[in-house]
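Here is a short briefing on a multi-chain model. Please keep the structure open while reading.

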Amino acid sequence: MGKKIGVFVCHCGTNISATVDVEKVAEETKKNNPGVSYTTTYKYMCSDPGQKLLRDKIKEEGLTGVVIAACSPKMHEHTFRNAAIKSGLNPYHVEISNIREQCSWVHPDKPVGTEKSTDLVRMMTEKVRKDKSLKPIKVHVTKRALIIGGGIAGIQAALDIADGGHEVIMVEREASIGGHMAQLSETFPTLDCSQCIMTPKMVEAAQHDNITMHTWSEIESITGYLGNFDVKIRKKARSVDLDLCTGCSSCWQVCPCKKIKSEFDMGLANRTAIYIPFPQAIPSKPVIDRENCILFKDARKKNIKPNDSKVCRKCIDACPIAPVKAIDYNQEDEIIDVKVGAIIVATGFRELEDGLYGEYGGGKYEDVITGMQFERLASASGPTDGKIKRPSDGKEPEIVVFIQCVGSRDPSKGCSYCSKTCCMYTAKHTMLYKHKVHHGHAFVFYIDIRCAGKGYEEFSQRAIEEEGATYLRGRVSRVYKKGDKLIVLGADTLTGSVVEIEADMVVLASAMKAQDDAEQFAQKLSIQYDKDKFFSEMHPKLKPVESSSAGIFLAGTCQGPKDIPETVAQAGAAASKVLALLSSDELEREPVVARVDRQLPPVFSTCIGCFYCQKVCPYSAIESEDIKARDGSVIKTVARVNEGLCQGCGLCAATCRSKSIELDGFNDEQIYAEINAVEFN
Amino acid sequence: MENIYKPYLMNISDIIDEAPGVRTFRLNFLNEDEGKNFQFQAGQFALYSVFGYGESTFCIASSPTRKDYIECTFRQTGRVTNALSELNVGDTIGFRGPYGNVFPIEEWEGKNLVFVAGGIALPPLRSVIWNCLDLRDKYKNITIVYGAKTVEDLVYKHELKEWNARDDVNLVTTVDPGGETPDWAGKVGFVPTVVEETAPDSNDTIAILCGPPIMIKFTLPVLEKLGFKQEKVYTTLESRMKCGLGKCGRCNIGCTYICKDGPVFTAEEISKMPDEF
Amino acid sequence: MAEETKFEPKIVAFLCNWCTYAGADLAGTGRNQYQANVRVIKLPCTGGIDPLFLIKAFERGADGILVSGCHPGDCHYNSGNYHARRRWNVFRPLLEFCGINPERIQFSWISAAEGGKWVETINGVVDTVRALGPFEGYQKINTIGPDASSESSQT
Amino acid sequence: MEKTLKKENFNSLITGLKDQGYRTIAPKKDNNLVTLDEVQSADEIHLDHVQTNNSIKEYFLPKTEKILSYTLEKNKVSIEEPEGFAVKSVVFGSRPCDAASLPIMDKVFNWDCSDKFWVERREAITIVTIACDKCDNYCFCTSVGLAPDSKEGSDVLLTKISDDEYLVETVTEKGEGLIKGLETVFSDPVAGTPDRQVASVEKKFEIDKIKPWLDENFAHKIWAEFSMKCISCGACTFVCPTCHCFDIVDECTMSKGDRVKNWDGCQFKMFTLHTSGHNPRSTQDQRWRQRIMHKFKYYVEKFDNILCVGCGRCSRVCPADMNISEMLEIIATEENQKE
Amino acid sequence: MIEALRKKAEELLRSNTVDVIYGYGEGSTPERTRPVFITKPEDVNKLIWNKYCVYNLTTYLKRQESRKLGKPAIVVKGCDAKTIVVLIKESQIKREDVYILGVTCNGVGEPLATKCKACDVNTPRIYDDLIGEKIENKEIPFDERYAELDEYEKLSEKEKWDFWQKQFAKCIKCYACSSICPLCFCDRCIVDKNQPQWIDPSAHPRGNLSWNVTRAYHLAGRCINCEECQRVCPADIPLNLLNKKLAKETEKNFNYRSGYNIDDELAMATYKEDDNQDFIK
């Protein structure tokens, strides 16, 4: 049969009917609109009886299309489409005419509202005439997750998913997992030892049957879509065979290059060229720093294979593994392919480079250090075994000035945001300092003290009141060296006086920044990032752990500054999303996807293959397809939409000059019908 | 002066879904006088229009012996047929016709008839089949060979049943291999093969053939093999048409205008046309 | 008589689903009144708006058109509004070159939170177009004379 | 009836026609082109040209014309017939070749049933032709049985006899009526044999040779060879005074619409494309062959006329310099060689 | 130059480097040339080169009939060569599938074509072989290149509308403009799409406006200013003005010139975050 459209005009109590004559709208619609065979009004369409009315009438009247004139589609489109399904009508034959938010509530004049409502309903009945049945797109799910980043966020998420019974692939670009949390001394507000809580988790992750770990590895590329991502992982040449190596330490003990700044210790200590980043590293197996190793330098200079260099072979000679040594100088990067169904991005942050603050002597004076450096100084496993010594001469500093908001909240340094953790960690630093240097004095320059967290305010107050840190409200204008002292010039805005402190050490509470390569990385994943290059969540309130790409989730500081509990919570949330996703064999997706024209031979497709659509597609959802003759020769190359990747924006359709690609649910005929029904003439 | 492009207005009085995308309309003249004066013969076609979408050409599928209405069967393929399929009983369409020549059924009197149709090409023959069946006494044996891709694609399923039940019609239905259902009682195979198996003696027999080009191409040699002379084989051609009146200039094959000189041709006539179908 | 001459502009608005449409909803939720001259067509993204849509809206009698979507950087689809902006950067001058007042096609970025901006914008468009008067050029070509060819249209 | 017309009287002629309710269409200069267009006064008329850009066809078969209008209400269609399309007019100063196209096309538009839009315009329009006093390389009327001063299709024929005077010969009663109604404008013919200034158009081929060759050579490599440079635009068919193919389309809003007849052309790929995707003339050689065959074989067989008046417009406008007379010359030569 | 061209053409055909030469041949009058398709070495004398070689022969790269002749060598002027860049960028041909016989050119047409008046590609920017003495390509300032538009841009809104309405009224919808355009290569043009019919097919003012605006818009960021549309228009509509206007806007707003650099991203398939948005409220 032809189209039979039912129109249901909702009173919404009096929300609509007070300013729109709903009876008249129904009447006019029935009288004038082609294809409309049934109209009615109802007090509350969204109520159970309202939905029942819809379901009953679809059946009784044999409706092939439905328009609900009611509130915004954002409210109840889903409700009514589901009701239609129950009556056997394809839900994509149901359209909503928004006569509440965009009519009755904004136009108090009843004749005006009635006229506009009638128009809005007509536009929708015309669209419904062109609606096509759409089937939800079923996507197969690969039950395996990828976690990018092996810090606390990644480890937490990995453990949660692995415990949930699914395989996890973890990729960490450093030689060990652990991330920033492994570097911390104690954690606020409890002052428990960071490594003491972190290391067991690292071990657990390493030993978990469901977790495969790739350290010293990076993501080469990610293609595919929700449920079916194809991931290429670059395993960077470690020069050490992880299977053979026992981590016996023989090699790094003999390494002659001993003056390389340790990244883990924030440059406060040195390491060798073959090294493990820190004693508790996982895997506890070394890597050769090819930049600094003299053998590799020599090989590069002579343009020979590393193994052919004879400059220094101390580590390989020292390696007790036989007959094949665990060290392989000629090892090359390896690309491995994995298929996963979901991805959690937990790539963390980096600390703002201190050099940015020349006026504070950052990067210039050894004794002006960053928060992370202080963490290493205060750490029992750090370069000073937890003793607070200043880097320049190892003296115990008696006056330490902590400067907060270094970078943070300072648009001129590129960080207009608050790094959220610094107030707390500075308070912690003052305490740690006072615990270790009892006679020392801590000054803190701050703008505001932000301690919004359970036990945070109390913790901060303790630093001031019990531990005697002097908090000065104001900015530091300059730090300069005078003898072996650092003169800190600042303002105390509360007293309105200029403050000059002769300090032994200055600690900058440097901002948390997005990783340097965050932008390129986001593009690799087709996820959005914000102005500060932190990855964007899908919705700031309601979808805080989803990225803008389906199947990719965010955890931890890659999404924005966070402290540990928040990071762990978000990691858990992301993991639970992934677990939900991996719980079914197939996923159903909204079928609002683009479609490239296909026809019978000899036309095949009106697409001419200029691939503008491919170039504008934000999701790389357009592929090229060769249409071949029986003999295998290519007749034409045309575009094809990968339904799994397509998110239904319609960019391709608007870009296509011949309109050979259209968006289901918003196809050309539907849009044309709507415009046509505006009917001003 | 009369406007030759002005259509009759017709009311859709019934709609039958025949097969996926294929639908039959029963049409009645809105103006009863026009209806009374209207006459056509089997084989003729018309232009059906949905106002706002344009005109589309297809045959009249009902028999001239049934005078109260006109029926047409169409498949949804283009702008107009898609618009037609949105219509309901009670809606109005335009109808321009009848146009073209006719099947010479008087000449066929006293002869055996074999109708061969494939897929959506049964409608063009339905008119003439019913016409002959309604004048059943005038013809000898009547055989109908009808094939489609799948069982679902067969059109006029009720009438096929009716013809099958009649003992004065020999109906052979077939579907392409793979198109059969478990309870399919007809044949499985392509039309040309089935024709070869089931066609009656060519002696004193007229063959009327309609189907997609590929079917025609392979059936004609079969008929020839069976001894059918070219002038005893009739078919009806279709083409893109706009006016139906021999003016718009696109339906010609050589100097033959399908809309005026056709659509009914014998295989002999077709063999003389240039190869530009 | 004065009644008859009062001109009420007809405005078609093409809105993206995620930002401006939601912004217009918000204006409703806040009961912020505005002029009723607008008919909204919702699309997933401004990036999905083909200039043909605008031409068709004029052909169907619109006196003015508003195209509105997410602010730069806010696009639900990452870059849809950026591509849209490129398009309008060339399409708008083209229409202007052909003698169509660019004020008849307006563009805005209105977020889901900017109900107020929606009201302002739509009132602004209506007022501007009201001041411009009916789109006579298009009205003329929308009505085809008895002889549809150029013979009659030229005069 | 014979008269003369002084150039200086053109103005009184146009005014006279206007007074009698005629619309006058005449060659008019528009930028680079001379087109047949409506004129209000004789000043606008431009006669120093070989050929107008557009053909006279446009006034009988407009590039687009309403054949129906309708209003749509739910379940109700009301048809209105177009009126006022046949405007009483004079085409002044068209070329004999253009005029000759009209009786040729009368045949197709009256074949079996009459197209009132053509017929009523034919009745309403009087053709006053001016014989060509010059020609160009593209002109080949003499090769298709016409001449620069042919009278076919004209109601009145004007021939230049001096720089400022034309000989006026009425061809039809309609023409005679027109002249009689405006007697004051015309003078009596000069005594003796007037000096008819008529262009001499070179005869390029024997038209008799064309059809016999076409009858035999439906499949010939020349179709592909000659049409290789063709870009399938419809310019040749649209400027041609005898190409009459058209399309019928509906254009409508929700509440009202028109059914419109538009020029269409056999050179377009879409022209014969079936909705199934099948296209009987899918390649350019087939379409080019169709054009030549239609003009010089099919139309002859059907209506006993060739469908070409040798105006040369198609060759002038062809973006790829396809020259129809060149093609016909080749055909005629081939046919000759056969003999 | 002609001799060099013929010699090279002969060589290419004899060595089977290419199957066909798309070149210029003598036309029906001395002031015209016409496209020729040379497939045999002995026919190379049909090739000519003179100031009447206005055509952009790259349009034959889109036509199935000429494509069937095999791999072409194509005679291109500097302006025409830009087309090939776009065709490659838009996946219509591969660089290796066409042999480019670039000719240096000091302008074509009599009188000189408008496109030649601010020419900065006397020597093609892309070619396999260069015929003729290399001419140093000039840098021409932005304003000079678009000077032609000035008098039209100056017009008032109403004058513009009236001017274009008058021009479009002449349109007969023969589509010669898009048929000749080497970059209008769609299998099915948007005007031929009838579900829905975005552009009225009739040649009335409404249909003509939509068509001409859409045609121009579809060439935005693509048109290489060969002016073929304008040359072939039987109604003499100054179509290239529209194209040129769009080229100007594309260059002004996106700093993009079509056909100049094969590595540039196609202007209408990319964006910059800081694209102009002065007109957006």
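Predicted model: local features only at pLDDT ≥ 70, side-chain atom pairs only at ≥ 80, totals over all residues.

Residues are numbered from 1 along each chain as its sequence is written, while chains are lettered from A and ligands numbered from 1 in the order in which they are written.

**Chain contacts**

- Nine pairs of chains touch, and chains A and C have the most contacts among them. Two residues are in contact if their C-beta atoms, placed from the backbone, lie within 7 Å.
- On this interface, 37 residues of chain A are in contact with 36 residues of chain C.
- Helix 4 (100–104), helix 5 (110–129), helix 17 (651–655) and helix 18 (668–676) of chain A are the elements that give two or more residues to the chain A side. Helices (H or I, at least four residues) and strands (E, at least two) are DSSP runs, numbered from the N terminus.
- The residues of that side divide into 19 nonpolar, 10 polar and eight charged. Here Ala, Val, Leu, Ile, Met, Phe, Trp, Tyr, Cys and Pro count as nonpolar, Asp, Glu, Lys and Arg as charged, and the others, Gly among them, as polar.
- Chains B and C share no contact; their closest C-alpha atoms lie 14 Å apart.

**Strand 4 of chain D**

- Strand 4 (residues 64–73) of chain D runs antiparallel to strand 11 (residues 256–263) of chain D, with seven bridges. Strands pair if DSSP finds at least two bridges between them.
- D:Y70 has D:G257 in strand 11 as its bridge partner.
- Five bridges join strand 4 of chain D to strand 5 (residues 76–80), also antiparallel. D:E73 has D:K76 as its bridge partner there.
- Strands 4 and 5 of chain D form a hairpin with two residues between them. In the turn, D:N75 has a positive phi of about 60°.

**Helix 5 of chain B**

- B:V191, B:P192, B:V194 and B:V195 are buried in helix 5 (residues 191–198) of chain B. Buried means that 20 or more other C-beta atoms lie within 10 Å of the residue's own, with C-beta atoms placed from the backbone.
- They lie on the same side of helix 5 of chain B because they cover an arc of only 165° around the axis. The arc is that of the directions from the helix axis to the C-beta atoms.

**A:E186**

- A:E186 is in strand 8 (residues 186–187) of chain A.
- A:E186 counts as buried because it has 22 C-beta neighbours inside 10 Å.
- The C-alpha atoms of A:E186 and A:K428 are separated by 8.1 Å, though the two are 242 residues apart along the chain.

Technical notes. Buried ≥ 20, exposed ≤ 12 C-beta atoms within 10 Å, placed from the backbone.
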